[in-house]
Protein chains: 2
Amino acid sequence: MHKILIVDDEEKIRTLISKYAVFEGYEVCCAEDGMTATELLRSRDFDIVILDIMLPDVDGFTVCRELRKTKKTPVIMLSARGEEYDRLHGFEVGVDDYVVKPFSPKELMMRVAAILKRTSNVSGDAFEYEGLKVDFAGRIVYVDGKKADLTPKEYDLLFYLIKNKGIALTREKLISNVWGYDFFGDDRTLDTHIKLLRKNLGSYSGLIVTLRGVGYRFEAE
Amino acid sequence: MHKILIVDDEEKIRTLISKYAVFEGYEVCCAEDGMTATELLRSRDFDIVILDIMLPDVDGFTVCRELRKTKKTPVIMLSARGEEYDRLHGFEVGVDDYVVKPFSPKELMMRVAAILKRTSNVSGDAFEYEGLKVDFAGRIVYVDGKKADLTPKEYDLLFYLIKNKGIALTREKLISNVWGYDFFGDDRTLDTHIKLLRKNLGSYSGLIVTLRGVGYRFEAE
DNA sequence: TCAACAATCAGGATTTTATGCATGCCTACT
DNA sequence: AGTAGGCATGCATAAAATCCTGATTGTTGA
């Protein structure tokens, strides 16, 4: 179950979003000012934050910037109509999406779902799916609790696949991203590494799906 | 052209919205009470419904709830000022957006456009029509929730059809775009792939309409 | 009804991927 | 230095999956 933090000074808005979010099955937590939000974000882990720009004390951007110093929890900004220019500003701070007030709660929930789908499993510095775990910081792969012995290339390949899970990756894309744009090796090279990687993933080898005539796709979910 | 149903008991309101909607190029239909609206919604397909809460017979929520039993046509609710609490009630019923009276017709039209844009099938990287869903990024096709197993050609063909939905595509056009300008294969080749594709689409095979002497057209709506 | 066109079918041809093995490079250790 | 071992790569072959074709059957519209 995903945890959402809703930050807005208007009680009506908080309640509205909250209701929809609970209805969608999320665990909700609210804050009405920037300081409280920052404190909550520091002490607890949320899966996503819905953040109003205009807050009584510090503004939403500051909260976001502060958050970014330690975590990369996804952020959706709520901006009042006519604050469009903030959009550019926001991306520098690391905002994931924008919704302009007055908004449709349904649309907001759709965006939340979209972002969560994109970031689920890949929570910052680790990926986990059933018995498969990848520690990005340590470059360690666990298969059913046991360390799997991946070679550098195998790890790089797996890493790229996971980072783009659910997306059809062409052979070209894989090769140029894992090997480098200047690599002109044999096409079979990729096959071979996929094979080795699959072998190492044991029962999870099926997560790497072959797309004939296209490439591969990593499927977790 | 999108079809709108306007439901309101006040004739003045209906006319006002209607005028703007026609001006924006929508096809408009009106109802002045809940029963008529429900009947219309059942017998015909609209792209969006603008629904007043206060109606002479059943209220807007009931109409919406009834509608939701069979369709997911987007709904914009019109509520009189001071009925804010209804907002919270609305989510249970599946309302997409709210507009408080008195409203600016321009704003209403903007919201209509926003919702239509968001719900009109091809929303960026996915296509959805009833139980048929195509995830373009992942090259995955879902038929009634289940993954369909398309071959590369089948997928390419479907993709091209969807990207050009509503447009009559000649055989030549299809072949040169899906196979390549230099392909001089048999005409049966296209037939065969259409057949296989239809088979994979199951109950949605009818979306691919045969145009005798011309080619095919993908129809979603 | 007839002619034109589309749908269907099955199997051989073709394309693409998987696999196993050999090679050569690089690093670490002796 | 020399050497062993690990790793990336390339190739040959095996195994699939997918495509295409031509004959045949079914359907449509004038």
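**Notes on the predicted model**

1. The second largest pocket has a lining of 17 residues; T210(A), L211(A), R139(B), D149(B) and L150(B) are those that lie nearest its centre. Please note that this is a predicted model.

2. Four elements can be named for this lining, each giving two or more residues: β11 (208-211) of chain A, and, from chain B, β8 (140-143), β9 (146-148) and α6 (152-163). With three residues, β11(A) gives the most to the lining of the second largest pocket. The space in this pocket is about 340 Å³.

3. Chain A contains eight helices and 12 strands. Its 221 residues include 46% that count as buried. Of the contacts in chain A with a separation of 6 or more, 55% are made by residues 24 or more positions apart.

4. The accessible surface of chain A is about 11,300 Å². Carbon and sulfur atoms account for 52% of that surface.

5. In chain B, helix α3 spans residues 60-68, and its buried residues are G60(B), F61(B), V63(B), C64(B) and L67(B). Viewed down the axis of α3(B), these buried residues fall within an arc of 160°, and they therefore line one face of the helix.

6. Which residue caps the N-terminal end of α3(B)? The cap is D59(B), with a side-chain oxygen 2.8 Å from the backbone nitrogen of F61(B). F61(B) is also one of the buried residues of α3(B).

Definitions and conventions
Residues numbered from 1 in each chain as written. Chains lettered and ligands numbered in written order. Predicted model: local features only at pLDDT ≥ 70, side-chain atom pairs only at ≥ 80, totals over all residues. Heavy atoms only, no water. Buried < 20%, exposed > 50% of the residue type's maximum accessible area, 1.4 Å probe, protein only. Arc of directions from axis to C-beta. Polar contact = N/O pair within 3.5 Å; in protein donor to acceptor, adjacent residues only side chain to side chain. Contact = heavy atoms within 4.5 Å. Areas by Shrake-Rupley, 256 points an atom, 1.4 Å probe, with all protein chains shown as cover. 1 Å grid on protein atoms, 1.4 Å probe; cavity = no way out; pocket = protein on both sides within 12 Å on 5 of 7 lines; lining within 4 Å. Points joined across faces, edges and corners; volume = space filled by probe spheres on them.
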